[in-house]
Amino acid sequence: MSWDVIADNLGLYAEGAKLTLFLTVASLAIAFLLSMPLALGRNSHNAVLRHAIGAYTVVFRGTPLLVQLFLIYYGLAQFSAIRESILWPCLSSPLVCVIATFVLNTTAYTTEIFAGALRHLPPGEVEAARAYGMSPFTRARRILMPAMLTRSLALYGNETVMMLHATSLASTVTLLEVTGVARNITLNYYIMFEPYVTAAAIYLVMTLTLVLLFQLAQARWAGYLQARLG
Amino acid sequence: MLGGYVASILAAGWITLSLALVSLLLAVLIGIAAALAKLSHSRTLRIIAGTYTSLVRGIPDLVMMLLVFYSLPAILNQKAQDLGWNVYIEFSPFVAGAATLGLIFGAYMTETFRGALMNIPKGQLEAAQAYGLTRFRIFWRILLPQMARLALPGFTNNWLVLAKATALVSLLGLPDVMFRAKGAAEATAQPFTFYLLAGGFYLAITAISLFALSLVARRYEVGVKELAR
């Protein structure tokens with residue numbers, strides 16, 4: 001066993017873990033902000049808006065993340081208009097491509113989660129808000145959003161775990177997050193067992209922490225839903 | 001010329017599909033066994049099944065796949081060498097991929113099947129026991145048919161995620177749709193076109209599966225709707 005190699009390279013794993021967390025948090029934060037208005041649009045009375053958002057979520061939920069990542073990272077270079085644009089230094093960076101792909105992907109799932117929660121909202125709550133004379137904006141801010149977020153907390157928790165795990169794909173486009181670090185160590189030292197087991201253990205700890213955080217959040221903010229069921 | 005690449009990508013669809021179906025079969029078998037273990041009276045079985053599902057769901061698919069493909073043979077060969085055996089173990093990408101996906105989605109199926117089994121009315125089990133059916137018969141005649149109906153929505157979801165997850169096995173070198181698309185993308189310098197084609201293939205699998213499974217769901221719900229009326 002060559003665990004001393006792992007001990008010597010713990011610094012690399014720490015860097016990798018930092019990047020993994022950064023990718024997860026950045027993608028989730030941007031996707032969270034995008035998903036709230038998209039979820040409202042997904043349930044809007046405007047059929048064009050509803051179906052356009054529906055088509056977006058179907059495409060991004062119906063294709064593998066790996067395909068989406070390669071399509072954006074390798075695929076965009078096919079078009080000379082993009083290669084020659086001023087945005088190219090930005091678009092050719094793996095970090096930008098990875099975050100853009102993750103955001104597009106997880107926004108599709110999160111939008112459907114939020115929109116589904118919105119559909120389960122008792123109509124009486126919205127009618128009451130209308131009867132109080134709330135404007136559509138106040139209604140969204142005070143009634144729809146809080147109800148939507150608390151009701152989707154459990155499913156959203158799963159989605160954040162999925163996103164954390166999906167960041168491992170960033171290693172396929174040269175980024176050195178936890179999986180990328182593990183892969184490099186296997187190649188440099190020619191040991192196959194310890195590096196990946198270490199990576200798996202890091203992900204396991206991160207996942208369990210995330211699950212615990214969501215359980216606490218659920219007890220704090222979604223407790224009223226539990227009480228109603230009991 | 002491009003037509004040749006398109007044909008080779010679509011022909012690789014069989015590899016993707018057979019990998020997905022073999023993995024699904026494994027996942028269903030593991031799922032049923034682990035769901036029964038989770039609901040059994042034996043504490044040991046419950047702990048084993050619980051550890052399995054939480055361990056598997058805490059590790060990314062890709063890392064799990066690398067563990068099975070690279071780490072597992074490495075440790076097995078090490079052990080064989082220590083014992084003085086002259087063998088060299090290596091998994092093909094297909095075997096490693098199917099084993100990994102079976103193991104991962106077995107854990108998701110476990111939760112789906114466990115939920116379904118718990119929703120079968122208890123009286124039916126008691127009636128079956130009162131009729132003196134053996135445990136296997138109870139499972140085969142009472143539990144399994146109803147579990148299939150109750151588990152269908154979760155099963156559909158797991159299958160769709162599994163079918164997409166097969167794309168990861170291309171990273172191990174399995175010549176599936178994704179692998180061929182990468183080859184074509186690199187050979188023709190038209191990556192967008194060929195990755196888009198691969199995306200279209202997976203989207204088609206999703207669409208066809210959703211349609212087929214909605215027909216199955218309708219078939220399973222025939223009796224239930226009549227009873228409810």
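The axes are lines fitted to C-alpha atoms, for helices over the stretch in contact, and the angles run from 0 to 180 degrees between N-to-C directions. Helices themselves (H or I, at least four residues) and strands (E, at least two) are DSSP runs numbered from the N terminus.

One thing to keep in mind: this is a predicted model, where local features need pLDDT of at least 70, side-chain atom pairs count only at pLDDT 80 or more, and totals for chains, interfaces and linings use all residues. Residues are numbered from 1 along each chain as its sequence is written, while chains are lettered from A and ligands numbered from 1 in the order in which they are written.

**Chain A overall**

Chain A has 13 helices and zero strands. Its C-alpha atoms fill a box of roughly 70 × 50 × 25 Å along the principal axes. Of its 230 residues, 37% are buried (20 or more other C-beta atoms within 10 Å of a residue's own; 12 or fewer is exposed, in between is partly exposed, and C-beta atoms are placed from the backbone). Take the contacts in chain A with a separation of 6 or more, and 79% of them join residues 24 or more positions apart. A contact means that two C-beta atoms, placed from the backbone, lie within 7 Å.

A:Glu159 gives an example of such a link. Beyond the neighbours within four places in sequence, A:Glu159 touches A:Thr106, A:Tyr109, A:Thr110 and A:Ile113. Because 18 other C-beta atoms lie within 10 Å, A:Glu159 is partly exposed.

**How the helices cross**

| Helix pair | Axes come within | Crossing angle |
|---|---|---|
| α2 (residues 10–42) and α3 (residues 47–62) of chain A | 8 Å | roughly 125° |
| α2 (residues 13–38) of chain B and α5(B) | 5 Å | roughly 40° |
| α12(A) and α4 (residues 61–82) of chain B | 10 Å | roughly 160° |

Let's start with the pair in chain A. The axes of α2(A) and α3(A) cross at roughly 125°, which means that α2(A) is oblique to α3(A). A:Leu38, A:Gly41 and A:Arg42 of α2(A) make this contact with A:Leu49, A:Arg50, A:Ile53 and A:Gly54 of α3(A). By class, that is three nonpolar, two polar and two charged residues (Ala, Val, Leu, Ile, Met, Phe, Trp, Tyr, Cys and Pro count as nonpolar, Asp, Glu, Lys and Arg as charged, and the others, Gly among them, as polar).

Over in chain B, α2(B) and α5(B) cross at roughly 40° and are therefore oblique to each other. The contact of α2(B) with α5(B) divides into 17 nonpolar, seven polar and two charged residues.

**Where the chains meet**

The contact between the chains takes 29 residues from chain A and 28 residues from chain B. On the chain A side, the elements giving two or more residues are α3, α4 (65–73), α11 (178–189) and α12 (194–221). The biggest giver is α12(A), with eight residues. This side has 19 nonpolar residues, 10 polar and no charged.

Across the contact, α12(A) and α4(B) cross at roughly 160°, so they are roughly antiparallel to each other. This crossing is left-handed. A:Tyr196, A:Val197, A:Ala199, A:Ala200 and A:Tyr203 in α12(A) meet B:Val63, B:Leu66, B:Leu67, B:Tyr70 and B:Ser71 in α4(B). Nine of these residues are nonpolar, one is polar and none is charged.

**The core**

The largest nonpolar core has 112 residues, and those with the most contacts inside it include A:Leu66, A:Val67, B:Val63 and B:Ala198. Such a core is a set of buried Ala, Val, Leu, Ile, Met, Phe, Trp, Tyr and Cys residues joined through C-beta atoms within 7 Å. Helix α5 (residues 93–118) of chain B gives the most to this core, with 12 residues. B:Ala198 is in contact with A:Val67 as well as B:Ile9, B:Val177, B:Met178 and B:Ala181, leaving aside its neighbours within four places in sequence.

Definitions and conventions. Angles under 35 degrees count as roughly parallel, over 145 as roughly antiparallel, 65 to 115 as roughly perpendicular and the rest as oblique. A crossing is left-handed if the near helix is turned anticlockwise from the far one by less than a right angle, and right-handed if clockwise.
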